[in-house]
Amino acid sequence: YFAPDKYYGTKNDLKAFIDACHENGIAVINDIVLNHASNENSMAQMYWDTTNSRPAANNPWFNTVSPNQTYVFGNDFNHASNATKYFVDRVTSFWLTEYKFDGFRFDFTKGFTNTVPAAGDDGSAYDASRIAILKRIANKIWNVVPGAYVILEHFCANSEEMELANNGMMLWGNENYNYSQAAQGWIGNSNFTNISYEARGWTVPNLVGYMESHDEERLMYNNLTSGRTAGSYSVKNLQTALSRIQLATSLFVLVPGPKMIWQFGELGYDISINSNGRLGDKPIPWGGASELHYNTDPDREKLFQVFAALIRLKEFYPAFSSSNYQLNAYTTVKSLYINDPSMNVAEFGNFDVYVDNYQTSFQSAGMWYEFFTGDSINVTDVNMTISLQPGEYRLYTSKKLPSPDYLTDVQSPKSEVPAQFDLEQNYPNPFNPSTTIKYSIPALTSSLSLGERVSEGQVRVTLKVYDFLGREIATLVNKEQSAGSYEVDFDASKLSSGVYFYRIVAGNYISSKKMLLLK
């Protein structure tokens with residue numbers, strides 16, 4: 001519990017990795033198991049009942065048996081015990097301070113209770129004692145690092161999850177089955193409305209939705225083995241199967257709220273979870289002796305670019321964090337409508353294997369712009385009908401946006417970012433209540449490609465501050481600037497303690513850093 005596995009290298013290797021992530025504005029989260037432990041666990045063995053092969057009754061950390069008999073994964077930690085509380089707090093504090101992790105994803109928090117479920121209940125019913133235990137753990141974490149991520153694999157009653165979300169915790173939202181059915185073209189069980197936190201009645205966007213995870217079958221594997229066929233259109237065809245992942249992704253990433261993308265999902269990974277055993281190693285999709293060669297497949301590259309462009313949209317445009325939206329995923333054509341002062345969004349995709357004539361609900365008449373093709377339409381009837389081919393999706397905005405190529409190239413590893421551009425770490429850090437942020441802009445030449453160039457020798461610069469959920473807190477700079485070194489003060493006297501991020505956008509140059517307000 002206090003040392004990284006050798007898979008991660010030495011302790012200094014892991015620390016260097018986390019530091020490098022932080023320098024690039026990336027948070028690192030520790031996936032941790034504190035619900036149960038194996039028989040080899042030293043704390044279990046120190047107080048062990050050899051007759052019954054389980055923790056002894058006087059074990060200060062473990063229950064003799066798990067109260068939840070539906071899910072038993074090993075020896076069950078007793079989270080009501082003071083010894084366990086002390087142990088948990090030591091473990092979480094250690095990884096936050098010694099390695100600078102940004103928070104935790106807790107495995108199977110449904111089991112963090114000593115309540116014996118009622119008959120027919122698998123432990124999902126509302127449990128006030130479990131809520132109290134998790135609140136205590138989260139508050140201890142936030143006492144060490146305000147604003148640290150606390151993510152729960154919970155899957156309990158919605159009323160309980162909503163209460164935990166309102167307390168600042170984030171919770172996993174599993175929509176694997178429904179997205180997989182939709183991608184395959186099986187409409188009857190394809191309603192993925194619950195990927196929306198608002199559809200669950202939540203008022204805060206603390207639902208970490210996902211289409212795939214380490215526990216679920218791959219969407220692409222299901223497409224290729226179980227996808228629908230109608231005439232010449234077959235979801236089992238590799239190219240079609242990949243295009244169906246584009247379709248699903250278009251109505252996944254842009255739904256407001258955080259999302260998780262599982263390993264290589266952005267390339268359409270199609271090796272079954274049961275390949276080489278459910279927990280067995282799976283092949284890396286490129287390089288070395290790999291037979292997959294995803295990196296040379298143009299259709300997989302296209303899928304990757306769609307993922308990237310959608311993520312950039314969510315990063316750059318506040319509309320995709322709006323709380324004023326409606327996701328309709330009940331029918332064949334599924335839609336997302338977003339209303340925001342900055343722009344409106346109307347997105348829809350045909351998940352059937354047949355052509356569908358879809359009646360739209362555009363928010364206003366006038367010009368609308370399709371993001372992926374660059375086409376535009378003049379909407380005179382907000383309820384106009386459009387024809388969608390099987391698997392076709394469209395993303396319309398009331399404001400014309402940069403092309404997907406521009407967005408995905410902004411931070412591409414292939415892009416050459418001038419070394420003279422620089423965003424420095426704020427000082428002091430941690431700070432209270434104000435701090436200084438310095439940045440520099442190089443001399444700009446006519447040959448320098450800058451997507452936001454406003455005039456010769458100048459570039460549009462924005463410097464903004466966000467909270468740890470990605471909500472914009474302040475705009476410190478938003479103007480044309482020439483070459484030179486600049487500094488700006490950030491006054492956080494009206495904000496609460498926590499982790500914040502600041503990001504500069506100057507043409508094609510983008511950089512983010514983390515800072516800590518500690519009052």
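User: Which residue stands opposite Leu 423 in β22?

Analyst: Tyr 439 does. Before going on: this is a predicted model, where local features need pLDDT of at least 70, side-chain atom pairs count only at pLDDT 80 or more, and totals for chains, interfaces and linings use all residues. Residues are numbered from 1 along each chain as its sequence is written, and side-chain values use heavy atoms, with hydrogens and water left out.

User: How do β21 and β22 pair?

Analyst: Antiparallel, over two bridges, with β22 covering residues 434-441. Strands are DSSP runs of E of at least two residues and helices are runs of H or I of at least four, numbered from the N terminus. Two strands pair if DSSP finds at least two bridges between them.

User: What sheet are they in?

Analyst: An open, antiparallel one of three strands, ordered β21-β22-β26. Its edge strands are β21 (422-423) and β26 (484-491), each pairing on one side only.

User: Now the parallel sheet. What is its strand order?

Analyst: β1-β6-β7-β8-β9-β12, six strands in an open sheet. β1 (30-32) and β12 (259-260) have a single partner strand each, so one side of each is left without a neighbour in the sheet.

User: How many bridges join β1 and β6?

Analyst: Three, in the parallel sense, with β6 at residues 103-106. Asn 30 has Phe 104 as its bridge partner in β6.

User: Which strands does α3 touch there?

Analyst: α3 packs on the sheet against β1 and β6, and its direction makes about 135° with that of β6. Contact means heavy atoms within 4.5 Å. Axes are lines fitted to C-alpha atoms, for helices over the stretch in contact, and angles run from 0 to 180 degrees between N-to-C directions.

User: And where does α4 pack?

Analyst: On the sheet too, touching β6 and β7 (149-152), with its direction at about 155° to that of β7.

User: At what angle do α3 and α4 cross?

Analyst: Roughly 35°, with their axes coming within 10 Å; α4 is residues 128-144. Among the residues in contact are Val 88 and Leu 96 in α3, and Ile 137 and Ile 141 in α4. By class, that contact has five nonpolar, three polar and four charged residues. Nonpolar here means Ala, Val, Leu, Ile, Met, Phe, Trp, Tyr, Cys and Pro, charged means Asp, Glu, Lys and Arg, and the others, Gly among them, count as polar.

User: What is the volume of the largest cavity?

Analyst: About 120 Å³. It has 15 lining residues, the closest to its centre being Met 211, Glu 212, Ile 245, Gly 265 and Phe 307. The lining divides into eleven nonpolar, two polar and two charged.

User: And the second largest cavity, what lines it?

Analyst: Asn 35, His 36 and Asp 76 are among the lining residues. By class there are four nonpolar, six polar and one charged, around a volume of about 50 Å³.

User: Which element gives the most to the lining of the second largest pocket?

Analyst: β28, with three residues.

Terms used:
1 Å grid on protein atoms, 1.4 Å probe; cavity = no way out; pocket = protein on both sides within 12 Å on 5 of 7 lines; lining within 4 Å. Points joined across faces, edges and corners; volume = space filled by probe spheres on them.
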